[in-house]
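Thanks for coming, everyone. Let me put the structure up, and then we'll walk through it.

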Amino acid sequence: MRIRIVGAGAMGRGIAQWAATAGHTVELCDVRTEAVTAALDFVRSMLDRAVQKGRLSAEDGAAALERLVPLDDPWADGPDVELVIEAVREDLGTKAEVFGRLEKALPASAVFATNTSSLSVTRIAATLEDPTRLAGLHFFNPVPLMKIVEVVPGAATRPEIPPALTALVEGCGHRAVTVADTPGFLVNHAGRGLVTEALALLEESVADPAGIDRIARDVLGLRMGPFELMDLTGLDVTAAVIDSIWEGFRYADRLRPSYLTPNRVAAGLHGRKTGRGWFAYGADAPAAAAEPPVTGNADRPVHVVGDAADPGAAALRETLSAAGTAVERGAGPSADALVLVPVWGTTVAAAVAAHGLPARRTFGVDPLPPAGRRRVLAVTAAADPAAAHDARAVLARAADGGEPYAVSVVRDTAGSVAQRLLASIVSVAASIAERSLATPADIDLAVTTGLGYPVGPLAWGDRVGAGRMLELQRALLTTTGDPRHRPSRWVTERAQLGLALTDPGTSPGDCL
């Protein structure tokens with residue numbers, strides 16, 4: 001196939017390298033001739049590096065470079081061009097001008113694709129004389145390494161174009177997901193679950209950014225915490241995406257932005273690229289503060305709240321007993337016992353009030369099985385600091401003298417940190433599925449490939465169980481009264497019907 005790529009910046013040159021390496025002839029052009037020269041030099045260096053590392057043979061590298069054709073004029077005639085991929089700046093007027101001029105220069109048979117990440121594909125197509133020839137083809141940077149592409153049909157896109165683009169993408173070694181033309185498409189939309197809830201937790205002073213990141217990594221198993229991720233992406237970019245998706249979905253509570261971001265953006269606290277964001281960067285940046293050492297009496301007896309039917313309570317008793325902790329079996333705590341509550345969408349304070357527990361020595365524990373060696377202790381405003389030190393020491397102790405656990409201490413909140421983050425991740429993905437914006441399989445594929453999550457959000461929810469996830473969401477809504485925690489129809493129905501969250505289920509169309 002002969003492909004013309006218009007725009008030789010970071011995305012354009014990455015797409016050019018990807019397509020040429022896969023065997024396609026690529027015309028690379030830009031209104032700035034020097035950008036094309038720089039892009040060719042960059043691609044050459046990337047191919048040379050791939051050859052040196054043994055990922056590409058010298059012959060294949062040379063052949064890929066031969067297939068790159070620099071163009072001085074983006075609007076030159078191209079009778080053999082079958083596909084145009086536009087990768088210019090994110091501005092509707094600029095993209096409309098590019099496609100308008102290409103429409104006059106190229107044959108009607110050439111398919112147009114826009115690499116927009118935030119604009120409506122339908123609105124871009126509407127500026128053309130023939131809007132049916134354009135679809136979205138959204139790559140991620142760096143293109144050769146980020147092996148996922150979103151195929152986005154506009155409202156008028158011809159039905160044969162999305163399957164053809166999918167075949168092209170997968171023939172070049174990437175995975176393709178088809179997603180509706182909605183704000184944020186799929187990956188950026190799904191990614192709001194993590195960062196918006198992390199910001200909400202920070203608003204409530206549940207933990208600081210470093211503390212939330214530790215829990216995201218060590219309990220949920222994410223490669224990067226939400227605040228590290230915002231600093232890497234740039235808070236200016238993240239805040240704009242959060243706002244545009246929230247506005248695009250008509251101010252949905254589940255996607256509500258935080259009041260914390262506008263002032264930080266205005267102050268230039270954008271992250272790595274400015275040297276300071278949620279954390280400091282650069283040679284002069286102070287080292288990250290070490291976690292306080294675990295102190296206290298690890299031999300205090302413990303009373304775990306919850307009956308035998310409570311899976312969190314049963315698992316906590318078993319874990320503590322295996323580590324040598326004296327776990328009381330009576331109906332109530334002794335005078336010296338620490339009281340641990342395995343909260344699930346609720347608060348420690350509510351348990352204290354409901355069960356008449358001693359507030360100064362009652363603490364919350366997140367019953368989610370940690371991906372790493374970290375546990376989370378929730379403290380209320382009435383907690384005795386000395387008792388909290390002892391509870392931290394109890395939770396740090398591992399079975400059979402193994403490596404001790406790190407223990408994060410957070411403010412008491414509904415569901416604690418990891419549960420809140422996970423519930424939001426699953427809820428946002430479920431809302432995408434229930435609107436039929438993408439299939440469950442494509443949602444999980446896009447998130448694991450595009451965002452690097454250890455498992456897709458719907459499959460993650462299935463690990464917990466649809467019924468347990470529904471219980472968590474209902475408890476969060478009841479405890480907080482915040483509609484951002486409203487259970488999604490997708491989770492509710494699947495819990496009621498005994499279906500997995502990853503199961504697309506039967507549609508009316510299946511029954512005709």
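Is Cys29 buried or exposed? Cys29 is buried, at a relative accessible area of 0%. Buried here means under 20% relative accessible area, exposed means over 50%, and partly exposed lies in between, using a 1.4 Å probe and protein chains only.

A word on the ground rules. This is a predicted model, where local features need pLDDT of at least 70, side-chain atom pairs count only at pLDDT 80 or more, and totals for chains, interfaces and linings use all residues. Residues are numbered from 1 along each chain as its sequence is written, and side-chain values use heavy atoms, with hydrogens and water left out.

Back to the cysteines. How many disulfides does a search of the whole structure find? It finds 0. A disulfide is a pair of cysteine sulfur atoms within 2.5 Å. The cysteine sulfur nearest to that of Cys29 belongs to Cys172, 18 Å away. That is too far for a bond. Cys172 also counts as buried, at 12% relative accessibility.

Now the sheet. 8 strands form an open sheet, in the order E3-E2-E1-E4-E5-E6-E7-E8, with mixed pairing. Strands are DSSP runs of E, at least two residues; helices are runs of H or I, at least four; both are numbered from the N terminus. Two strands pair if DSSP finds at least two bridges between them. The edges are E3 (68–70) and E8 (175–178), each pairing on one side only. E1 (residues 2–6) and E2 (residues 25–29) run parallel, joined by 5 bridges. Ile5 has Leu28 in E2 as its bridge partner.

Next, helix H10, residues 226–233. Which of its residues are buried? Pro226, Phe227, Met230 and Asp231 are. They sit on the same side of H10, because they cover an arc of only 140° around the axis. That arc is taken from the directions from the helix axis to the C-beta atoms. In general, an α-helix has 3.6 residues a turn, so residues three or four places apart point the same way. The cover over the buried residues of H10 includes helices H8 (192–203), H9 (209–218) and H11 (235–248). Just after H10, Gly234 takes a positive phi of about 105°.

Last stop: Leu421, in helix H16 (residues 416–434). Leu421 counts as buried, at 0% relative accessibility. Not counting residues up to four places away in sequence, Leu421 touches several residues, including Leu194, Leu201 and Leu220. Contact means heavy atoms within 4.5 Å. Leu220 is 201 residues away along the chain, yet the two C-alpha atoms are separated by 8.7 Å.
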